[in-house]
Amino acid sequence: MNQYTHPNLATERVGAVSTSTVGEQMVCIAYRKTSDIDVTFSDGAVVRTTWRAFQKGWVKHPGVKEDTGLIKLKRQWTGKIGKSAEGENISIYEYINARHVKVQWPDGNITGDWTLQQFLKGRVCHEQYRQKLDSNGRYSKSQNRVGIVKTMRCAMKAECIAYTNCKHIRIRFDNGEEKDTNWQMFDSCKCVPDSMIAKKENRIGEKKIIHGRNAEIVDYTDDQHILVQFEDSDILIHTGYKNWKKGTISPVQQTNAPSVKVGDTKICRNGKKAVVIKYTDCNHITVQYEDGIKVQTTSSLWKSGDVTHPRNKLHDRTGEQRLQKNGVSVVIVQYNGVHDIVVADEKGNQTKTTMERFLAGNVEDF
């Protein structure tokens, strides 16, 4: 016994017997310390290892190509339960490595070789849908993918009935409805039949009773932006279609009422009159000028009057005439911008003012 041998443990542990994870019997024949022992197999092969590996059965026979890590993976994945591409419960019958996995179906049938990634992502399908060859003897996706059935997130099953390429496929739902889509949408189970998709034009005018009062959708942009109006009320409540379906909209709800309403008019700082024709939210409103030009803007710009007109040129306003509140008719004789114009009355008297005052009829400097 050398100086590194534990005097007590060596006596107790030499001769101990254990079984490896692959079922082979091994015996401890030398114990120097817990991290340095020798074990022998039934055929006489000797392996230097640790006492913990010996107890757990992790010691690999020198003639076995598999390493300890692969043995752990086999124990980890064998028996693992998952879902097939058709939605059936399947399990890993044998794990050879990450590229070769055999699966067992509910009827007891065993198929392979699949990859671990295909099993985890639910891409394992029946053998009749796999490895079909075209007339040239090559693997054909169109032949392999036609006939695959998947359960969509909307709880309806869909079958791939035609495959041109990954961007153009045709599927049929279990209600008989067909739809053109792409393989990515089908493979991720995101397809929904058209009959389950509510159209925008069908939702405008939709009515229901909420908190005992009749309510109606007066404008619909998308599921997150709709306008609801209650009876005998001019308040438009901005909300989402989900809240409308649940009926969680209050008829006296002021916090969601938009500060800008459809029909609001204003004389902007450029001196032109505009009206709000569409309101989506505070960051998306549409206004229309008197000349028919439509501009996308925000509620903050609308309130401050800073809505830019795309055709705001200096010579556009010269010659315009308007009757002021004091009864004097004035005409623009010089236009230097919306904040600097010169107007003249019928007698030829001139004065400087702004387009905002001119259009509002507030020029009283005569």
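Predicted model: local features only at pLDDT ≥ 70, side-chain atom pairs only at ≥ 80, totals over all residues.

User: How many residues lie between β13 and β14 in their hairpin?
Analyst: Residues are numbered from 1 along each chain as its sequence is written, and side-chain values use heavy atoms, with hydrogens and water left out. Strands here are DSSP runs (E, at least two residues), numbered from the N terminus. In the turn, H211 has a positive phi of about 55°, and the number of residues between β13 and β14 is two.

User: Which residue in β14 stands opposite I209?
Analyst: β13 pairs with β14 (residues 213-222) in the antiparallel sense, over four bridges; pairing takes at least two bridges found by DSSP. Opposite I209 stands N214.

User: Which strands stand at the edges of the sheet, and why is one side of each left without a neighbour?
Analyst: The open, antiparallel sheet has four strands in the order β13-β14-β15-β16. Each edge strand has a single partner, so one side is left without a neighbour in the sheet; these strands are β13 (207-210) and β16 (236-239).

User: What is the relative accessible area of I96?
Analyst: I96 is found in strand β6 (residues 89-97). Buried means under 20% relative accessible area and exposed over 50%, with partly exposed in between (1.4 Å probe, protein chains only). I96 counts as partly exposed because its relative accessible area is 32%.
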